[in-house]
Amino acid sequence: MKEPLPFDHRPDTVLGEELRRALDPGDAASFVARVLARAAEARVASWDAVLARWARPGVAAAVLVALAAGYLVGRASAAPAPRPSVYDALMAPPAHPGEVDIVLASVIGN
Amino acid sequence: MADPQPPQRAARIAEQDEAELVVRAAAGDRAAFGVLVERYAGVARRVARAVLGNPEDADDAAQDAMLSALVKLDQYDARRPFGPWLLRIVANAATDRRRRRTVRRVDPLDAGLTAGGPRPDTTAERRALGERLRQALAELPERRRVAVVLFDVEGYSHAEIAAVLGIPEGTVRSEVFHARRRLRALLADWKEEA
């Protein structure tokens with residue numbers, strides 16, 4: 001069985017303080033300012049990315065809507081005139097009145 | 001601006017409002033994110049420097065990690081402490097940067113530094129001791145460096161360091177033990193030589 005390590009469970013304040021000094025980066029203010037500036041840039045960039053991401057589907061959707069609208073408008077304008085009702089057909093003046101007279105004369109004559 | 005964290009247990013900051021700050025930052029509150037950055041700037045930069053050595057690289061890595069954390073805030077589990085979560089991102093960012101960077105030319109240490117020196121009473125002497133400590137730290141395996149810095153400098157518990165490094169607590173104890181042995185020997189030599 002392994003011997004347990006003789007480990008001090010408390011931080012070594014002397015070593016810790018020397019290491020802290022050795023690793024001290026200094027000038028915290030400029031670092032914080034730099035990070036916050038980059039974060040602000042990243043936020044703007046992310047909005048740009050979001051808009052850019054939406055731009056392509058947006059254009060595609062607009063094209064589809066325009067095509068659909070064009071199709072509907074075109075179809076509406078090209079549609080045939082409504083068919084006349086039976087009443088309208090009977091009451092309308094004949095296109096060739098002479099033919100009607102001939103037909104009537106032949107019927108009455110018989 | 002001075003480092004707002006106390007010398008010991010620096011990352012052990014008031015955590016009661018931290019979850020709220022995180023929620024606000026995730027919702028786009030820049031002020032809340034600013035508070036988090038101010039609180040953790042010191043420890044993040046020290047951990048990154050422990051990994052990378054070079055202070056400029058360390059600051060770049062710490063900055064990248066902070067921004068990465070901002071993007072990932074919605075993945076943070078508010079039931080867990082924020083510090084270890086953030087420092088894991090920092091340690092990973094620093095490690096990635098170390099792997100990516102090309103080998104830099106390293107200026108050799110002053111012979112006087114490597115051979116020891118007087119008691120660090122003056123600024124120059126203290127700077128020299130710092131240089132020796134950084135050199136000694138750089139010779140340790142990366143995980144050991146981060147473990148000892150988080151334990152002895154930042155005051156994190158073994159469990160928290162285990163979470164940061166993704167290793168068992170027992171391994172953290174072992175890493176800190178071995179790192180301390182090396183660094184304490186260096187400090188003792190320094191004092192003896194003085």
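Predicted model: local features only at pLDDT ≥ 70, side-chain atom pairs only at ≥ 80, totals over all residues.
**View 1. Helical make-up of chain B.** Chain B contains nine helices and zero strands. Read from the N terminus, its elements follow the order α-α-α-α-α-α-α-α-α. Of the 194 residues in chain B, 40% are buried. Among contacts in chain B with a separation of 6 or more, 69% join residues 24 or more positions apart.

**View 2. The contact between chain B and chain A.** Chain B contributes 40 residues to this contact and chain A contributes 26 residues. On the side of chain B that touches chain A, at least two residues each are supplied by α2 (30-52), α3 (55-72), α6 (123-139), α7 (142-153) and α9 (169-193). The largest share of that side, 11 residues, belongs to α2(B). By class, the residues of chain B on this side comprise 20 nonpolar, seven polar and 13 charged.

**View 3. The crossing of α2(B) and α4(B).** Two packed helices are described by the angle between their axes and the distance between the axes. The axes of α2(B) and α4(B), the latter spanning residues 82-100, come within 9 Å and cross at roughly 35 degrees. The crossing is right-handed.

**View 4. Residues in the contact of α2(B) with α4(B).** From α2(B), the contact draws on B:Tyr40, B:Val43, B:Ala44, B:Val47, B:Ala48, B:Val51 and B:Leu52. The residues from α4(B) include B:Gly83, B:Leu86, B:Leu87, B:Val90, B:Ala91 and B:Ala94, and also B:Thr95, B:Arg97 and B:Arg98. This contact has 12 nonpolar, two polar and two charged residues.

Definitions and conventions
Residues numbered from 1 in each chain as written. Chains lettered and ligands numbered in written order. Helix = DSSP H or I, 4+ residues; strand = E, 2+ residues; numbered from the N terminus. Buried ≥ 20, exposed ≤ 12 C-beta atoms within 10 Å, placed from the backbone. Contact = placed C-beta atoms within 7 Å. Nonpolar A, V, L, I, M, F, W, Y, C, P; charged D, E, K, R; others polar. Axes fitted to C-alpha atoms, helices over the stretch in contact; angles between N-to-C directions. Left-handed = near helix turned anticlockwise from the far one by under 90°.
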